[in-house]
Amino acid sequence: MAWMIAIAPNGWLAIASALVDALSAAGRALEAVGVLEAAPQTPERALSLGRLLLGPLGSPDRARAHLEAAAAALPERPDILADLAAARAASGDFDGALRSLQRARKLIDDHGTNYYSAGIDTTTSWLWRELG
C-alpha cells in the first residue's frame, strides 16, 4: 500500500526552506533552486529563489524577476528592495536600482526599521561608487 503525506503549504515551505539551506551550505545551490521551483508559489519562495540566483548562482537577470515578484507582494520589506536593487544594478538597470534603494530608505525612515539601515546604506554607497 502506498502512503501519501499531505503537507500544508506552510509546512511544505518550512521543509523546503530547511532543505534549501542545507543544499546551499553544501555548495549545491543549483539543486536548491530545483527544490524551490517545486514548492508552492508564495512571496517567500520568490524571495528565496531570487536570493539564490543573485548570490551563489550569479544570475541577476533570472533573480530580478523573482525579486520583483517578492517586492510587489511584500512592499514593506526594505531588505527585499535592497536585494532587488542589487539584481537591477548587476543587470545594468542603475536607475531602477536607485529607485529601489530610495524606496527602501523611505520605508526605514517612515517605520523606524533601523535594522536594515546599514545594508541599505552600504548598497547605496556601492552603487554610487559603481556609477562613478
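## Terms and basis

Buried denotes under 20% relative accessible area, exposed over 50%, and partly exposed the range in between (1.4 Å probe, protein chains only). The model is predicted, so local features need pLDDT of at least 70 and side-chain atom pairs count only at pLDDT 80 or more, while totals for chains, interfaces and linings use all residues. Residues are numbered from 1 along each chain as its sequence is written, and side-chain values use heavy atoms, with hydrogens and water left out.

Across the whole structure, 11 salt bridges are found, each being a side-chain nitrogen of Lys or Arg within 4 Å of a carboxyl oxygen of Asp or Glu. Helices are DSSP runs (H or I, at least four residues) numbered from the N terminus.

One of the salt bridges pairs Glu68 with Arg64 at 3.0 Å, N to O. These residues are four apart in helix α4 (residues 60-73), a separation of about one helical turn. Glu68 is partly exposed at 29% relative accessibility, and Arg64 is also partly exposed, at 22%.

Arg88 is buried, with 14% relative accessibility.

Asp83 and Arg51 form a salt bridge through their side chains (2.4 Å, N to O). The pair links distant parts of the chain, with Asp83 in helix α5 (residues 78-90) and Arg51 in helix α3 (residues 43-54), 32 residues apart. Asp83 is buried at 19% relative accessibility, whereas Arg51 is partly exposed at 34%.

Key:
Helices (H or I, at least four residues) and strands (E, at least two) are DSSP runs, numbered from the N terminus.
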